[in-house]
Amino acid sequence: FGELSDLRVGKKGCVLVIDRYGEVISPIDDNITNRHINIDMFPGENGVKEITINKERYRIEYDTVNEVGFKIISMIPEKELLSQLITYRNNLIYTIIIGITAIFLITYLTTSFLFARLKVLIKMMKRVQSGEFDVRMDDSKKDEVGELAFSFNQMAEKLEETLLNLIGQETAHRDAEIRALQSQINPHFLFNTLEGLRMECEIREEYDLANVLTSLGRLFRYNIKWINGLVPFRQEIDHINNYITIMRVRFRDKFNLRIDIPEELLDCLVIKMMMQPLVENSFYHAFKNKEGTWEIKIKGSIQGDDLVIEIKDNGLGIDNERLDKINRGLSIGNSSEIDKKTEGFIGLWNVDTRIKMQFGEEYGIKLKSEKDIGTTVLITLPVNHKRVLSDKED
């Protein structure tokens with residue numbers, strides 16, 4: 001057992017061998033253990049126990065060599081075991097602290113970066129709130145803040161577009177009001193003058209001219225007396241008939257007008273003065289330099305919940321490129337998209353804008369045309385039978 005004499009467990013621990021009589025036979029010079037170790041302390045073949053030697057606690061593990069009845073005992077001070085556990089514990093604590101610190105730093109840097117971009121987004125929102133709708137934020141990064149920036153940019157674009165539309169509509173509305181006010185300047189002088197001319201024509205038995213003056217007076221009264229923007233459909237038809245009476249003086253029997261409006265549609269409410277500019281376009285643009293008989297047909301029908309009015313002529317038609325420009329300008333509600341020299345567009349745009357302002361963007365005007373065949377103007381309105389104060393009921 002000489003080699004066991006030099007074997008140490010830890011710094012102060014050692015390995016002992018006890019014979020079957022309880023004598024320590026290795027190491028034989030260890031008097032301390034000899035005085036405190038005896039065979040009775042180790043019952044059974046193996047086990048674990050704790051003992052105190054000179055006020056110091058030891059942890060002992062033992063086993064038996066059955067062939068000779070010797071017990072091999074390993075003993076180590078409890079302090080050494082605990083010191084290793086403390087070391088392991090401290091190392092674990094240090095590792096946890098370092099890990100938490102690293103996580104905190106990474107989280108801090110990440111959130112600082114995100115919050116910096118969020119602060120920019122908040123700043124942009126405040127600018128939009130103050131009325132700057134043209135601000136945009138970089139949305140190139142494909143993360144959560146990038147998605148917020150993309151949504152913000154879309155919102156800002158929509159607000160800017162809506163604001164421009166509102167400004168355009170308000171401008172058109174004010175222009176219409178100004179024109180209406182201007183048209184009301186001293187109207188009685190004009191009416192009295194026309195009435196005097198009409199009576200003079202009747203005295204001279206020029207009844208055709210008297211009828212024209214009567215229709216002209218009615219046209220002026222219809223245009224000037226503008227209580228509200230909606231009138232029964234029948235009033236628009238009466239207005240067109242008065243206009244046609246006047247146009248027959250110039251063009252005689254060169255044209256035919258057919259009106260196909262079911263009786264039940266005549267009480268539907270429509271935009272005032274929406275048809276005369278469109279019929280006028282036929283005379284001054286569609287029939288320009290056209291030979292043969294001119295035909296204008298006005299038709300009304302119900303399609304679903306909509307009132308659809310067709311004004312169709314057999315005029316010169318419109319080429320595809322110009323037709324696309326006109327329809328595109330009407331669909332986006334912006335006359336600036338079309339060349340101001342585009343014949344007849346301003347009247348179309350004015351009527352279309354008033355329809356959209358009254359009923360919504362889904363309603364308005366659309367053109368269909370074939371070159372040298374003719375043009376059809378489609379007016380779409382909601383079916384509305386609600387009674388309003390007529391311009392004749394003042």
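This is a predicted model: local features need pLDDT of at least 70, side-chain atom pairs count only at pLDDT 80 or more; totals for chains, interfaces and linings use all residues.
I started with helix α9 and listed its buried residues: L323, I326, N327, G329 and L330. I then checked how they sit around the axis: they cover an arc of only 160 degrees, so they fall on the same side of α9.

A reminder to myself: an α-helix has 3.6 residues a turn, so residues three or four places apart point the same way.

Next I looked at the other face of α9. Turned away from the buried side, I found the exposed residues N320, E321 and S331. E321 came up again when I went to the start of the helix, where a side-chain oxygen of D319 comes to within 3.3 Å of its backbone nitrogen.

I also did a length check on α9, which covers residues 320-332. At 1.5 Å a residue, its 13 residues should span 18 Å, and the end C-alpha atoms are 18 Å apart, so that agrees.

On to the sheet. I traced five strands in an open sheet with mixed pairing, in the order β8-β10-β11-β13-β12. Which strands stand at the edges? I get β8 (255-260) and β12 (364-370); each has a single partner strand, so one side of each is left without a neighbour in the sheet. From one strand to the next, the twist averages 15 degrees.

I zoomed in on one strand pair. β8 and β10 (residues 294-303) run parallel and are joined by six bridges. I picked I259 and looked for its bridge partner in β10, which turned out to be I298.

Then I asked what packs on the sheet. Helix α7 (residues 233-251) does, touching β8, β10 and β11 (306-313). Its direction makes about 170 degrees with that of β8. Helix α8 (residues 276-286) lies across β8, β10, β11, β12 and β13 (374-382). Against β10, α8 runs at about 150 degrees.

Is Q276 buried or exposed? Its relative accessible area is 11%, and buried means under 20%, so Q276 counts as buried. Its side chain makes a polar contact of 2.8 Å with that of E280. Leaving out residues up to four places away in sequence, I noted that Q276 touches H239, I240 and Y243.

Technical notes: Residues are numbered from 1 along each chain as its sequence is written. Side-chain values use heavy atoms; hydrogens and water are left out. Two strands pair if DSSP finds at least two bridges between them. Helices (H or I, at least four residues) and strands (E, at least two) are DSSP runs, numbered from the N terminus. Axes are lines fitted to C-alpha atoms, for helices over the stretch in contact, and angles run from 0 to 180 degrees between N-to-C directions. Contact means heavy atoms within 4.5 Å. The expected span of a helix is 1.5 Å times one less than its number of residues. Buried means under 20% relative accessible area, exposed over 50%, partly exposed in between (1.4 Å probe, protein chains only). The arc is that of the directions from the helix axis to the C-beta atoms. A polar contact is a pair of N or O atoms within 3.5 Å; within protein, one must be able to donate a hydrogen and the other to accept it, and residues adjacent in sequence count only if both atoms are side-chain atoms.
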